[in-house]
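Thanks for coming. I have one structure to show today, and I will keep it short.

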Amino acid sequence: MKSKTYMVIGSTGQLGTDMCDELRLAGFDVHGVDYPDIDIGNERSVASVVDALKPATIINCAAFTAVDDCETQRERAFLLNAEGAGYLAAAAGGCEARIVHISTDYVFDGCKDGFYLETDQTNPQTVYGRSKLEGERLVAAACENHQIFRIAWLYGIHGKNFVYAIRAAADKKAAAGEPLRVVADQFGTPTSTREVCRQVLRAQAISATGVFHATCEGDCSWFDFAGTIVTAAGIPVEVLPCTTEEFPRPAPRPRNSRLENRRLKEERIDCMVDWRSAFDEFLHDEKRNKEQ
Ligand SMILES: NC(=O)c1ccc[n+]([C@@H]2O[C@H](COP(=O)([O-])OP(=O)(O)OC[C@H]3O[C@@H](n4cnc5c(N)ncnc54)[C@H](OP(=O)(O)O)[C@@H]3O)[C@@H](O)[C@H]2O)c1
């Protein structure tokens, strides 16, 4: 008989850790695996780990996520974000499992006015974005039963992310008596790992396949989000807006990362909440975690 097991790849990463927790909370049998117990860039490693368990669903949260480093490590970016995703999808197909794969807003160029739909033209501007787009293509080609979730501006209690970076920078600026400058001309939607996990879980009840946008509701700039973070943390620092040009990065960031969850809405399973509510829940989770 086929097992009902979920296999989470990248299980100690920011999203993977919460994905395992969320699935266990929901009562599922979860097998989390991460490097070096699996190397997604090695086809044989992927095949043997997947074959040993024969899960019903593989959720791939593993990736090479250092966006700027991808610019100088193109081969590694494509090996892990594209080919590795394809190996996992092929292994899923081989045991009649579903592959759930996580992708990104970086597949777009950020030039659209308004929210991106799943049907909009992709046009990645970075090595990271191109490797992730190729990953989407390889996943879809290798396993018919695939769900690809494009997420953006991710943060959670188990990772390096914008929230922790802003708090650290704000503390330093406060100590120096200087203002904190944050980019105010890039827009998107802060999206918590908890919300992504719940949405992915909700989507396991439907048979629809393909690409789904899955971000929280609403939108803001990085400057707006930083203000919310600093206020919630009570850090006595002035937050000032600045432009993208004042903070050049090796990999250019999309000006517009807003995604609309159009397909999830059409399937009547969109359960993503407003980004501010998700952030409040994150603060609550963080507090509870510290108390434990
Ligand atoms: N962070 C964001 O803002 C954001 C935005 C949009 C989309 N995404 C996507 O969301 C997904 C999850 O991101 P995240 O922030 O949770 O990433 P993360 O914290 O960097 O976690 C990635 C995981 O992948 C593992 N990994 C790396 N190389 C591997 C390999 N060769 N074999 C097996 N596992 C390997 C890492 O292990 P090690 O720690 O040992 O390297 C880590 O546990 C990714 O697909 C990412 O592209 C993220």
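What you see is a predicted model. The chain contains 10 helices and 12 strands. Its radius of gyration is 19 Å, close to the 19 Å that the globule rule gives for 292 residues, so the chain is as compact as a globular protein of that length. Along the principal axes, the C-alpha atoms fill a box of roughly 65 × 45 × 40 Å. As for burial, 46% of the 292 residues count as buried. If we take contacts between residues at least 6 apart in sequence, 82% of them join residues at least 24 apart.

Now the ligand. How many residues surround the ligand? There are 25, and the closest are Gly 10, Gly 13, Gln 14, Leu 15 and Ala 62. By type, the shell has 13 nonpolar residues, nine polar and three charged. Helix 1, residues 14-25, and strand 4, residues 98-104, each supply at least two residues of that shell. Helix 1 gives the most, with three.

Last, helix 10. Which residues of helix 10 are buried? They are Trp 275, Ala 278, Phe 279 and Phe 282. These cover an arc of only 100° around the axis, so they sit on the same side of helix 10. Exposed on the other side are His 284, Lys 287, Arg 288 and Glu 291. The cover over the buried residues includes strand 6, strand 9, helix 7, strand 11 and helix 8.

Terms used: Residues numbered from 1 in each chain as written. Predicted model: local features only at pLDDT ≥ 70, side-chain atom pairs only at ≥ 80, totals over all residues. Near = placed C-beta within 6 Å. Helix = DSSP H or I, 4+ residues; strand = E, 2+ residues; numbered from the N terminus. Nonpolar A, V, L, I, M, F, W, Y, C, P; charged D, E, K, R; others polar. Buried ≥ 20, exposed ≤ 12 C-beta atoms within 10 Å, placed from the backbone. Arc of directions from axis to C-beta. Contact = placed C-beta atoms within 7 Å. Rg over C-alpha atoms; globule rule 2.2 N^0.38 Å.
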